[in-house]
Amino acid sequence: MNISYTVLIPLIPLAVFLLLGLNSQKIKPAISGYIGVLGLSVSAALSFYTAYQYFLVDGKVDDVYQTFVNKSVWMNFTETLHIDIGILIDPISVMMLVVVSTVSLMVHIYSRGYMKGDEGYTRFFAYLSLFTFSMYGLVLATNLFQIYIFWELVGVSSFLLIGYYYTKPSAVSAAKKAFIVTRFADLGFLIGILIMGYYAGSYDFETLNNPEGSVILNGASTSFMGLSVITWALLLIFMGGAGKSAMFPLHIWLPDAMEGPTPVSALIHAATMVVAGVFLVARLFPMFYFVENGFALNIVAYVGAFSALFAAIIAITQTDIKRVLAFSTMSQLGYMMLALGVSGYDGHEGVGYMASMFHLFTHAMFKALLFLGAGSVIHAVHSNYLKDMGGLYKYMPITNITFLIAALAIAGVPPFAGFWSKDEILVAAFEHNKFIYYIGVFVAGLTAFYMFRIYFGIFWGKEKTYEHKPHESPLSMTIPLMVLALLSVVAGFIPFSEFITPDKVGFEAHLNYPLAAIATGVGLFGIFFAWIFYKNENSLSDTYAKAFGPFYKWASDKFYFDEIYLFITKKIIFNLISAPIAKFDKKYVDGTMEGIGNKTILISNKIKGIQSGKFQDYAFSFVMGAVIIALVFIYLWTN
Amino acid sequence: MIAGISIYEILTVTSILFFIGIYGFITRKNLISVLISIELILNASVVNFVVINKYLYPDMLQGVIFAIFIIAVAAAETALAVSIIINLYRQISSVEVKDTEIMKY
Amino acid sequence: MEKYIFYILSVIIIVFAVASVSSRKMLRSVIYLLFVLCGIAGIYFLIDYNFLAAIQLTVYAGGIIVLIIFSVLLVHHIEMELEMAKVSRKILTGLLCLLGLAVFLYTIYNNDFNVVENQVTTTTYDIGAKLLSYDAGGFILPFEVISLLLLASMIGAIVIAKGRKLNDKNNEAL
Amino acid sequence: MDILTLFIIVPVLTIIALVFSKGLERTRVVSMIGSIIQLGMAINLVFAYFKERAVNDGIMVFTKDVVWFKNFNIHYNIGVDGISVALILLTAIVVLAGVFISWKTSELPKEFFISLIVLSVGVYGVFISIDLFTLFVFFEIAVIPMYLLIGIWGSGPREYSAMKLTIMLMAASAVLLVGILGIYFNSNADGGPLTFNILDIAQVNIPEAAQKLFFPLVFIGFAVISALFPFHTWSPDGHASAPTAVSMLHAGVLMKLGGYGVFRVAMYLLPLGAIHWSWFFIILAATGVVYGAFSAIRQTDLKYINAYASVSHLGLVLFALLTLNKIAWNGAIIQSLSHGLLTAMFFALIGMIYGRTHTRDITKLGGMMKILPFIGAIYVITGLAYLGLPGFSGFVAEMNIFVGAFQQNPDTFHRVLTVLVVSSIVVTSVYILRLVGKIMMGPLITNDVQDLPRATWYEKTGILLLMIPVIGIGVAPLWLSDMIMKSLEPFIQGVL
């Protein structure tokens, strides 16, 4: 299969970025919007074409999906160790191409309406293109270092986009927080890469992931503190992934990242960038699975499960709809991690892996839809808070319907997309780890509950008094909603297990009816409770909130993780490390240097007294000198 | 020649005079006193010239003539010193040594 | 007889020299100096250099002392007591001077002077002839140089003592 | 006239022309033309170097040897390898950018530009010298004008800063001179004549005891100018007081002499000493990296932040050199280039901001992006490049250093230090983002000033001049790292 044209997929957004970025003052906003959408349409078309070619035409040889690589050396370290930049085409990268293209295109179109009239319109599209370019580069990466390079680039695009309203202090601090927290996680990633480079001698995925390769077979040979170094490297790499994918305890940046414009939240913080962590684990799945019998993979599973539960609980208590969606994203990402964690490798064993990717795909569609829908609502009522909303179904029919579809999808109600992927995840968990399965089921119920809580809160409930009468959003915004709604309905019917499996051999997946029934039942149960509590304004929710007492308060304060981090950064790093160091520098290091200088001046001041300017002192010294010289000569002559 | 007095005794006296002059030069706090001390030192050396001429080389006159020269120079020097002192007194209304330390820096 | 006169003169010279450098009254200090100079003139008489003694008396006692007294009177109140150096400094200087003296005397007494017994009398004529002689060993050139030096110092003294024309600034200083 | 001596002749001719030119207008045009010729020569040198390298595989090419002082066997002996070529190019770029940035110098412009160009003569001289003594002479020529430049055209406590800087650098030079003489008097260990020629000395087996004795002297002598902890304190004060172009040249080029000297003299001539002492100095260097970064967090003066950031980044250069690994050394050289360009850019931007707002206190600045879009955007980009974003030169350098440090010395001591140093990238991002967030973003603080003069053509030219190579290295590092890697070959032999 000839893949050379795929180079264009990332390069077109890059060109658009350079064009818009360098001429942001000169290009008219209307034109820049068209340029952005047009550029991305081409990329998206190429992506779809690639997917079609790969999955359906000539990706397979002997029923195994082949990996196509096209790369060139970017920087040399030694003969064997070098960083390449290139393109790697395999099932998950093609799947990611489709996800990124679809969501990004929808968001581009949506943004033309949403950002209308904003003074930084061109800049916004430039940033979006930069992000899309970086994300393409990330998913197409051929080696760990390339992934790291684009990893940083998506991080910085995220920084720029969160801080898009740069005059707003909260946006700036959210942007900083997002960047620094993920940067901290990337530190682990980088060290992991360094370890991997040293012990495995390569950054290439093909070398690393080969189940018969030396890396995996000899992975346990060198150990450090009871674990093999490769496991350590994987755990550190997972730390990077956890940072990007907002896994507990590195999740704190994600809710704040909602300060960015809503289309950005939909694109970056729901559908694409945040799944990079999941993608990374999936990318290195053979290593995670084989090295030391999947120790690292177990960690992934538990971190994922805990994050899913943790975020779902917090999501229930939030009142800012974007934050609810943010925690929901975190919870769903935990779901994907969990699925990877409970996956096997061969044949049907790999259902967890497949389910994770499936959920990634469907989640991208319906979560993007939820965000865009929320954006549409916010656009209409100019507030993020539930208390300012209610009864909007009358005014915004399209938004209402599409939001409902997305909510049903995420709640796992058949036949919407979320049902299929979530069911597969639960199947995988049930087969491998019962404990995780129970968590998964519980989270599914919570998900349905909080999602319908905000759905009822926004569109039903008591109608608030609005300053401006809310109205349906313009067509440029509703078309993407409708497209994504359609995808949320039909995406579940894609036979994912045919395409994406760990060993790249397709298998037939069957619906496990009892498990599916349980999951659906739990989901419906959650919806039912939400209906009771929030369909009409009543005091039930407050009563129950009171019943939970302090626990409710903790959850609504996000279990105080922000405060803990704030304590660490402000108190410990700023006041306990930096301030003393700065002081130490001024006082002791500089003080010593100054001290040497001052002592010299002091001594010279002392000595200066000899040169007093009093001629009588000079005379005294003169006579003394003469006498001493005379004495010396007398001594010499008389001996 | 002084009957009964050897050159040693005369030289002793002039040495004492010389060091009294030096003592004065170093300890006095007033420029005129310093000038006086200088006169003592000069006189001590003049006497030495003369005495050595007389005792060791009586046939020559170099010592005497140098004594005359020294006296002449001393006179000139004193005249100059006094004029400097007077001028200084005009400038800073003092002839104390401690007030003339501005050459220190 | 001459021996005793010399001793007396020596005592006068040393005592008045000491008095001169330690007196706290300026004018007295000058007068003590006068006595010292006269004593020295006496020594010149004793060793038969009458002309030199005369010069000593006229130039020193007559000229220089008068000059110094004038300057004292110009810049001093007669009753003013002089400021004295610190005791420690005096002792230190005294010790240094004694040490120096010891060195001198040690050197002098260790030196074997080749004394020529004589009774040569030097007349003013001899001195004058020598001074103005331009033969070998004559002092005509130094004599002229000294004359010039005297002239120069005279002019210098006048210029310095005259000072700048007094203006307001200098009035303040005065 | 050979191609290298021109790098001395042209600046000297520029100086002569400056002496005879009158008025600000003519002065700066003359300096600009001189600097442009220098840049042209530097670019030409790169191409000439590649051409020459193809046919000549000596350690140094374009060599020339003239006896300068016979009694002590001092030669004017010049030549370049890939590393010097890269650094000469850097110097030419920064000097030209510096001339553009000081376009508006009003006070004694002629003398200012003369000093600036004298400084560049010294720097070029160091980079082309093969003779130790000549190298030292040029080193001193480069240091002295700093005193005048800071003392006369500086701001704030300039006399103090100039004095501090000069005295500390001079003290280091004194130590260095002792070390150089130590090498010189041991250069006949194999029976040859005493010589200052670096290439000849490298062939001599200097006794191990002498190497152990003189390595610290030479190392510290050079490292002080690279702001080795704890001898870095001249740098914040010096930078804070220096005028913009001087800060640029100083941080951008002069501080690179340290790393260059360490590897060209200390490591190359005293390899056993380097192996013996590396554990000690690597602690200092690693401390400097982390320490500088943490110090930068707390500063409020823009220039102080940058000065401490330089301590951190140049600590990285020394750290890399001390790991005694080829990849890391490659990284160290690239880091020198990258830091030179980025710091120069930062100082230029600070100068522009200061020139408009008359403050460098970050608590008094905010939201500048709104009123100074060009400067703001470049500032953000520079900041991101500084914290090692891929696509810019800093990333390439840092990755080389980290990978190299990890390849060599797989013992716990070095591993811990490496991880410590790697962690500085997080701290770096903290202070850079704090800075960017504070002064460029956020609400506009200087509310009374709604409109500041936009960037002028000469400012933009100066910035772009620096920006292009930063992106060039960042996007396509292969040619540069190959050129450096090949030149490193003979130098790394001794310490491996």
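D:Pro230 sits in the loop between α8 (208–223) and α9 (234–241) of chain D. This is a predicted model, in which local features need pLDDT of at least 70 and side-chain atom pairs count only at pLDDT 80 or more, while totals for chains, interfaces and linings use all residues. Residues are numbered from 1 along each chain as its sequence is written, and chains are lettered from A and ligands numbered from 1 in the order in which they are written. Helices (H or I, at least four residues) and strands (E, at least two) are DSSP runs, numbered from the N terminus.

- Most residues other than glycine have a negative phi, and most peptide bonds are trans.
- The bond between D:Phe229 and D:Pro230 is a cis peptide bond, with omega about 0°.
- The loop between α8 and α9 of chain D also holds D:Ala227. Phi of D:Ala227 is positive, near 60°, and this residue is not a glycine.
- D:Ala227 counts as buried, with 29 C-beta neighbours inside 10 Å. Buried means that 20 or more other C-beta atoms lie within 10 Å of a residue's own; exposed means 12 or fewer, and partly exposed is in between, with C-beta atoms placed from the backbone.
- Chain A has a cis peptide bond between A:Phe248 and A:Pro249, with omega about 5°. A:Pro249 is in the loop between α9 (229–244) and α10 (253–256) of chain A.
- C:Asp48 is not a glycine, yet its phi is positive, about 75°. Its place is the loop between α2 (26–46) and α3 (50–75) of chain C. C:Asp48 is partly exposed, with 17 other C-beta atoms within 10 Å.

**Chains B and C**

- Of the four pairs of chains that touch, B and C have the most contacts between them. Two residues are in contact if their C-beta atoms, placed from the backbone, lie within 7 Å.
- Here 67 residues of chain B meet 77 residues of chain C.
- On the chain B side, α1 (7–27), α2 (31–56) and α3 (62–92) each supply at least two residues. The largest share, 24 residues, comes from α3(B).
- By class, the side of chain B that touches chain C has 46 nonpolar, 14 polar and seven charged residues. Ala, Val, Leu, Ile, Met, Phe, Trp, Tyr, Cys and Pro count as nonpolar, Asp, Glu, Lys and Arg as charged, and the others, Gly among them, as polar.
- C:Phe113 is in the loop between α4 (87–110) and α5 (124–132) of chain C. C:Phe113 is partly exposed, with 13 C-beta neighbours inside 10 Å.
- Not counting residues up to four places away in sequence, C:Phe113 touches B:Ile7, B:Tyr55 and B:Leu56.

**Chain D and the other chains**

- Between chains A and D, the contact takes 37 residues from chain A and 38 residues from chain D.
- On the chain A side, β3 (68–76), α5 (144–162), α6 (169–200) and α25 (561–608) each supply at least two residues. The largest share, 14 residues, comes from α6(A).
- The side of chain A that touches chain D has 25 nonpolar, seven polar and five charged residues.
- Chains B and D share no contact; their closest C-alpha atoms are 21 Å apart.
- Chains C and D share no contact either; their closest C-alpha atoms are 36 Å apart.

**A helix pair in chain A**

- Two packed helices are described by the angle between their axes and the distance between the axes.
- The axes of α15 (residues 321–341) and α19 (residues 434–459) of chain A come within 11 Å and cross at roughly 160°. Axes are lines fitted to C-alpha atoms, for helices over the stretch in contact, and angles run from 0 to 180 degrees between N-to-C directions.
- That makes α15(A) roughly antiparallel to α19(A). Angles over 145 degrees count as roughly antiparallel, under 35 as roughly parallel, 65 to 115 as roughly perpendicular and the rest as oblique.
- The contact of α15(A) with α19(A) has nine nonpolar, four polar and no charged residues.

**Nonpolar cores**

- A nonpolar core is a set of buried Ala, Val, Leu, Ile, Met, Phe, Trp, Tyr and Cys residues joined through C-beta atoms within 7 Å.
- The largest nonpolar core has 432 residues; among those that touch the most other members are A:Leu338 and D:Ala86.
- D:Ala86 touches D:Ile333, D:Leu337, D:Leu480, D:Met483 and D:Ile484, not counting residues up to four places away in sequence.
- A second, separate core has 73 residues, including C:Leu33 and C:Tyr44.
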